[in-house]
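Have a look at the model first, then try each task before you read its solution.

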Amino acid sequence: MSQHPPFTTTTATADTLLLQIAALVHGAGYERGLQLAEIAIAQDLHCANLYHLAGVCAVHLGLRQQAEDYWRLALAASPVHAGAHANLAVLLHELQRHEEAEAMYRSALQLDAANAYLHARFAGLLALRRQGLEAEHHYRRALALDPADAATQANLGVLLTSAGRSAEAEQWYRQALTLAPDNAATHVNLGLLLARQGQRQAAQQCYARALELEPGNASAFSNLGLLLEQHGNDELAGQCHRKAAALAPGSADVLYSLGNFLAKIHQYQEAEQVYRQAIAAEPASAITAAAYTGLGVLHADTLRAGEAEASFRQAMLLDATYPLAATNLAVLLLQQGRYAEAWPYHEARHDPLSPKPVARPPVSCGPLWQGQDIRGKSVLVWPEQGLGDMLQFCRYVPLLKQRGAAQVTLVCYPELHALLSTLAGVDACLRLSADLSLPKHDYCVLTMSLPGYLQTAGPAAAILPYLQPYLQALPQRSARWARRLQDNQASGSDPHKLRIGLAWKGNPSHANDAERSLDTLDRLAPLWSIPGILWVSLQKNDTVQAAPAALGQQAWLPLGHELEDLADTAAIVATLDLVICVDTSVAHLAGALGKRCWTLLPAYKTDWRWLQAGHDTAWYPGTMRLFRQPYRSDWTSPVNEIAVKLRAWLVRGSPD
């Protein structure tokens, strides 16, 4: 029971009552303050300030709905009550009613434009809603009003980090730490920024300092786990992720990182459970969209395509601006040959909000082309991703001329420049370099955006144009390499042998290279006993590739160390009867040249362009045959299958 006597309108004036309640609020006497306010309201004392104070007491007592009701009554009594606008905005923000909160913040700031706290809170909401430029404006306005607010400085650092403005972000973090050196969260955020810049030791020091200040800081453990993962220390990384999850079992961020780690080390069952825990922890947050995306990737990797698609689409429902969900959905659809559906989602790959967005053409070169009429226009085609991607998708460039483009300029990687100069429909082919100077064009387009904007309704052939061949070996290069092979045969090799090129490794920086490349040339040992073959090494090396030990007296010609660029490789391939390779640029080169190619594919994370089954591919019809692992790490089965087909070829005198 309260020791305070009940209030009656006969013992105090309204002003006295308001002062009494305000004093109780100031002294944290919220329960008594709310009691007095409710008695006064019951006795028909109605005014905006009374409702406002009642709301303040209610919210401090955890009575959020009552607080909202009182503040709305305050605004009904006085629509220009700045305090009610401000407190209601913050409450709606906390309740994740973001659209209502944004409107209320705007009203509050119209009435109280010099309120630094309101500017900072509103900036946080705008950042959450991906309205970065306006969020930055309000953070800077808050700091202009209160320059010593370390929390706002740190939050501005977070915003600038997400915008890729790392140098500015680091300055704000360090300035915040000057004012508040014991803020563990700021140390964690600075460490995350430094880790992304490759400053491993400095990042680790930040996490260590955060854990000195807060030994139970789950974010520090989680981010330290991410750092250790990146540098191959999975054992310690796992310990950190699990420690973080134990400290913060309700944190979606922490659980999401643990789920990603478990999926990476192929502990799929536990990873799925952890992703679902993350989703349950914060069912409608941005991190939940990321967790659904991680769950979708897990489903795709375990060949559960229907569940994967559902997860990606759920992520996009939760956060339509989250590019990883759209990118992964695109890959899944492409993997199923659903090209027309996939291409629009595939554009998310160059969204600036992506963790690793594809590099766009310089803004100064012109606007991005999105399918507009290009008759009489100039178009710049920009390279992206790997050499194989450029070789595969350059087939679409001639279609720009067919659409009426007056000038088509193709920028390409230096290794491809000479070869892509043979592509039809290209007015200028330029090497990509740091000092490349380009005039402004009417439009620019990324190479892998072409199929989506050029596609028309119709059969697969209309979606995957293949004018075989669409690239040519350069005559001078062909003559040079033909002489090189003739000289080799003149030195004793049987001129009647089949000439077969080999490439058994891809780019080691490729995310799935450990699965798609052969760890040793000995994986091809079943082929060495087949007579009547000249094996030509196309594997680019700095030194001469030694013949496999088990090859015996079979003919071996290593040329990889002599290759200058892909035009050299093309000229050699043009002289061969067959190319056998893993999923790398050599496969696409052979396909673009119309040369027969047998391609070895991994069972795990098979690249989307090869679909999930079948020996043929619509990308290179009639020239390429696919040899798939039946299960992970089994190269013996597809290599033995190749050996059988080769022996049959030699017996019949024909590959078919």
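A residue is called buried under 20% relative accessible area, exposed over 50% and partly exposed in between (1.4 Å probe, protein chains only). This is a predicted model, where local features need pLDDT of at least 70, side-chain atom pairs count only at pLDDT 80 or more, and totals for chains, interfaces and linings use all residues. Residues are numbered from 1 along each chain as its sequence is written, and side-chain values use heavy atoms, with hydrogens and water left out.

**Exercise 1. Find where serine 633 lies and decide whether it is buried or exposed.**

Step 1: Helices (H or I, at least four residues) and strands (E, at least two) are DSSP runs, numbered from the N terminus. Serine 633 sits in the loop between strand 10 and helix 30 (636-652).

Step 2: Its relative accessible area is 53%, so serine 633 is exposed.

Step 3: Now check the backbone. Most residues other than glycine have a negative phi. Serine 633, though not a glycine, has a positive phi of about 75°.

**Exercise 2. Describe how helix 18 and helix 19 pack.**

Step 1: Axes are lines fitted to C-alpha atoms, for helices over the stretch in contact, and angles run from 0 to 180 degrees between N-to-C directions. For helix 18 (residues 305-318) and helix 19 (residues 323-335), the angle is about 155° and the axes are 9 Å apart.

Step 2: Angles under 35 degrees count as roughly parallel, over 145 as roughly antiparallel, 65 to 115 as roughly perpendicular and the rest as oblique. Helix 18 and helix 19 are therefore roughly antiparallel to each other.

Step 3: Contact means heavy atoms within 4.5 Å. Among the residues that meet are Phe312 and Met316 in helix 18, and Leu329 and Leu332 in helix 19.

**Exercise 3. Describe the packing of helix 1 and helix 3.**

Step 1: The axes of helix 1 (residues 14-26) and helix 3 (residues 48-60) cross at roughly 20° and come within 10 Å.

Step 2: Helix 1 is therefore roughly parallel to helix 3.

Step 3: The contact includes Leu17 and Ile21 of helix 1, and Leu50 and Leu53 of helix 3.
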